[in-house]
Amino acid sequence: MARAPFEIAGIEVQPGTRQTIEVQVAKLYTHTPLHIPVEIVHGRRDGPVLMVCGAIHGDEINGVEIVRRVLINTALRNLRGTLVAVPIVNIFGFVQRTRYLPDRRDLNRCFPGSESGSLGGRIAYLLRTQIMEHVTHIIDLHTGAIHRFNLPQIRAELKSPETARMAEAFAAPIIINAGLREGSLRAYADSQNIPVITYEGGEALRFDEVVIASGVKGVMRVMRELKMTPAKKSVKPPRKRSEVAASSQWVRADIDGIMRPVAKLGQKIRKGQKLAMVADPFGASETAIISPCSGIVICVNNLPLVNEGEAIYHIARFDELGEAEKAMDYFRDSMESEVSEAVLPVHPWDELQKQ
């Protein structure tokens, strides 16, 4: 029996074909229409319907490149099910190179949205009704905020076995069992029993080859786990890929000043260890920022000018810190074999060495 066409936004995509669909969002005050571009790859055989989306925060652009590379992967020639690729969700923010919508709302706090609400509510409603209601699984791609660099990590509500399966399959070095934030895409998907994971990696408005390569590999691993693409034959013994963090904690500056970082991204940290020094411009006073816990550094503030109370380090805590260090070693080794030295960024990935 032939598989039925996949219908989205009033357009049918036939089995064994792919098509780019422009879902109209709104018009600028110049009367110029704006669209959310969606690429549908509809396999000939039945299977899951996976949505992979990026730039729900308009300045988080690594996800856009991850989606592009997934779409040109030759494994899609043998696709089971359907891939719904949405590289740019927040088209307003992407065009303006900003996290937010024109009214300064965060689109990732507007779900489930409303047909007659704010701009963010209307876009969330459109995404929900036109796209999300057709999918069975979701991978949501993010980066750190501006000036904050995130270690590649998965955030997921692991109480769902299917969500936990996706998180493990993605094989980022760190998995954070993160609660759901009201109004987020992840919270809405969870409320509809749609398994969803969030990939975090890199910094806003910056491409990072390690983060992008890791993201592409992770998406393809999930698709193989869901039986959407053929499994890879491997004779290598399994190695430690991911470790689940019991919790995480932000470390904030105690004083205003100029920060000199000491601890590096991906580094193992012990409680009481020095993370950074903050000093005034004249060197008259200098204060050490001390870690309140043991763990792995998963985010670093790259802006050296800090105010009192500003978040400068994010540390993931683990029941077995040694196992988390093994996961970091595996990630470092695998990325060194995947990414050539010519494109490997100098900062901060050269610091992913054993301390």
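The structure is a predicted model, in which local features need pLDDT of at least 70 and side-chain atom pairs count only at pLDDT 80 or more, while totals for chains, interfaces and linings use all residues. Residues are numbered from 1 along each chain as its sequence is written, and side-chain values use heavy atoms, with hydrogens and water left out.

A cavity here is a set of points, on a 1 Å grid over the protein atoms alone, where a 1.4 Å probe fits but cannot get out, and its lining residues have an atom within 4 Å of a point. Volume is the space filled by probe spheres set on the points, which are joined across faces, edges and corners. The structure holds 2 cavities of 30 Å³ or more. Lining the second largest cavity are Ala 171, Ser 214, Lys 217, Arg 221, Tyr 330, Phe 331, Ser 334 and Met 335. Helix H6 (209-225) and helix H7 (321-338) are the elements that each give two or more residues to this lining, and H7 gives the most, with 4 residues. Helices (H or I, at least four residues) and strands (E, at least two) are DSSP runs, numbered from the N terminus.

Turning to the strands, pairing requires that DSSP finds at least two bridges between two of them. Strands of a sheet pair through backbone hydrogen bonds, either parallel or antiparallel. An open sheet of 4 strands has the order E16-E15-E13-E18, with antiparallel pairing. Strand E16 (286-290) and strand E18 (305-306) stand at the edges with a single partner strand each, so one side of each is left without a neighbour in the sheet. Within this sheet, strand E13 (residues 257-261) is joined to strand E15 (residues 274-279) by 4 bridges; Ile 258, for example, has Ala 279 in E15 as its bridge partner.

Another antiparallel pair is formed by strand E3 (residues 17-27) and strand E4 (residues 33-42), over 10 bridges. Here Ala 26 has Leu 34 in E4 as its bridge partner. The hairpin of E3 and E4 has 5 residues between the strands, and His 31 takes a positive phi near 80 degrees.

These two strands meet helix H3 as well: the buried residues of H3 pack against E3, E4, helix H2 (91-96) and helix H5 (185-191), with contact meaning heavy atoms within 4.5 Å. Buried (under 20% relative accessible area, 1.4 Å probe, protein chains only) describes Gly 120, Gly 121, Ile 123, Ala 124, Leu 126, Leu 127, Arg 128 and Thr 129 in H3.

Methods
On a 1 Å grid over the protein atoms alone, a cavity is a set of points where a 1.4 Å probe fits but cannot get out, and a pocket is an open set with protein on both sides within 12 Å along at least five of seven lines; lining residues have an atom within 4 Å of a point. Buried means under 20% relative accessible area, exposed over 50%, partly exposed in between (1.4 Å probe, protein chains only).
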